[in-house]
Amino acid sequence: MTDPRHDLSRPGPAKGTHLRQIKSYVLRAGRMGPGQERALEALGPRFVLPYDPTLRFDPMAAFGRDAPLILEIGFGMGDATAHIAGLRPGDNFLCCEVHEPGVGALLKRIGEQHLTNIRILAHDAVEVLDHMLTEATLDGVHIFFPDPWHKKKHHKRRLIQPPLVARLATRLKPGGYLHCATDWQPYAEQMLAVLGAEPMLANTADASLGGYAPKPAYRPLTKFENRGLKLGHGVWDLVFQRR
């Protein structure tokens, strides 16, 4: 029987609830490997938190300490997440991902690297923002390589849109940061326009760099990114700060 504490196949909203147009994820096919399954079984009860729209997220209860809180939206297979958490042991990382093999993969890394500063919410980050996170809660937000939805007719599905950015800005503490990265230039340009139009955010990048930030030292280069750079493909980082 599946443990309800880390059951990722939860039912959708009940009839009559508002269905959002933009979600923070795209459901992907994929099977859990045996190592991921073992990690989910052994570590899920400790590191995977239940989504509960009736409760406000309590960082002290979740992590057992008071520390800067970073939200990550869509961590894929968790490589960058584990790397950053290892580099920044003084920060707490609340990570949203609905792809079950990705959750298992990050749990496996948590076990292998003995990380204690990660908690996972296997749920749509948009609903987590709306129902579990209060204003001025976050010290930072990471959104790395969200789906670019290449076709023009699908651009409306892109995650970085004005309503979400406004919600993120309200959840950031003054001085908190929002860090986005993409390897698709048209999406980078849209991100820059959307983030730049949000009055609660200020661009940290020098104007001479076109509004894009140098890659922060904490964000690792992924294998995919390294291959792209060798082929001459670009990667764009955007770092904005809550006014």
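This section describes the fold, the sheet, the helix packing and the nonpolar cores of a predicted model.

The chain comprises 8 helices and 8 strands. Of its 243 residues, 49% count as buried. Among contacts with a separation of 6 or more, 80% involve residues 24 or more positions apart.

The strands form an open sheet of 8 members in the order β1-β4-β3-β2-β5-β6-β8-β7, and the pairing is mixed. Strands β1 (48–49) and β7 (201–203) are the edges, each pairing on one side only. Strand β8 is mostly covered, with 6 of its 7 residues buried. Helix α7 (residues 185–196) lies across β6 (172–182), β7 and β8 (236–242), and runs at about 10° to β8.

Strand β3 (residues 92–96) contains N92. This residue counts as buried because its relative accessibility is 0%, where the cut-off is under 20%. The C-alpha atoms of N92 and A67 are 6.1 Å apart, although the two residues are separated by 25 positions in sequence. With residues up to four places away in sequence left out, N92 touches F63, R65, A67, P68, L69, I70 and N117.

Two packed helices are described by the angle between their axes and the distance between the axes. For helix α1 (residues 34–47) and helix α4 (residues 100–113), the angle is about 75° and the axes lie 8 Å apart. Helix α1 is therefore roughly perpendicular to α4, since angles of 65 to 115 degrees fall in that class. On the α1 side, the contact is formed by G35, Q36, A39, L40, L43, G44 and F47. The α4 side contributes E100, P101, V103, G104, A105, L107, K108, I110 and G111. By class, the residues in this contact of α1 with α4 are 9 nonpolar, 5 polar and 2 charged.

The largest nonpolar core contains 39 residues, of which F57, L71, V141, I143, I160, L168 and L178 touch the most other members. Helix α7 supplies the largest share of this core, with 5 residues. For L71, contacts beyond its neighbours within four places in sequence are made with L94, C96, L129, L133, L138, G140, V141, H142 and L168. Another core, of 27 residues, lies apart from the largest one and includes V103, L106, I110 and A213. Of these, V103 and I110 also take part in the contact between α1 and α4.

Key. Residues are numbered from 1 along each chain as its sequence is written. This is a predicted model: local features need pLDDT of at least 70, side-chain atom pairs count only at pLDDT 80 or more; totals for chains, interfaces and linings use all residues. Side-chain values use heavy atoms; hydrogens and water are left out. Axes are lines fitted to C-alpha atoms, for helices over the stretch in contact, and angles run from 0 to 180 degrees between N-to-C directions. Helices (H or I, at least four residues) and strands (E, at least two) are DSSP runs, numbered from the N terminus. Angles under 35 degrees count as roughly parallel, over 145 as roughly antiparallel, 65 to 115 as roughly perpendicular and the rest as oblique. Contact means heavy atoms within 4.5 Å. Ala, Val, Leu, Ile, Met, Phe, Trp, Tyr, Cys and Pro count as nonpolar, Asp, Glu, Lys and Arg as charged, and the others, Gly among them, as polar. Two strands pair if DSSP finds at least two bridges between them. A nonpolar core is a set of buried Ala, Val, Leu, Ile, Met, Phe, Trp, Tyr and Cys residues joined through side-chain atoms within 4.5 Å. Buried means under 20% relative accessible area, exposed over 50%, partly exposed in between (1.4 Å probe, protein chains only).
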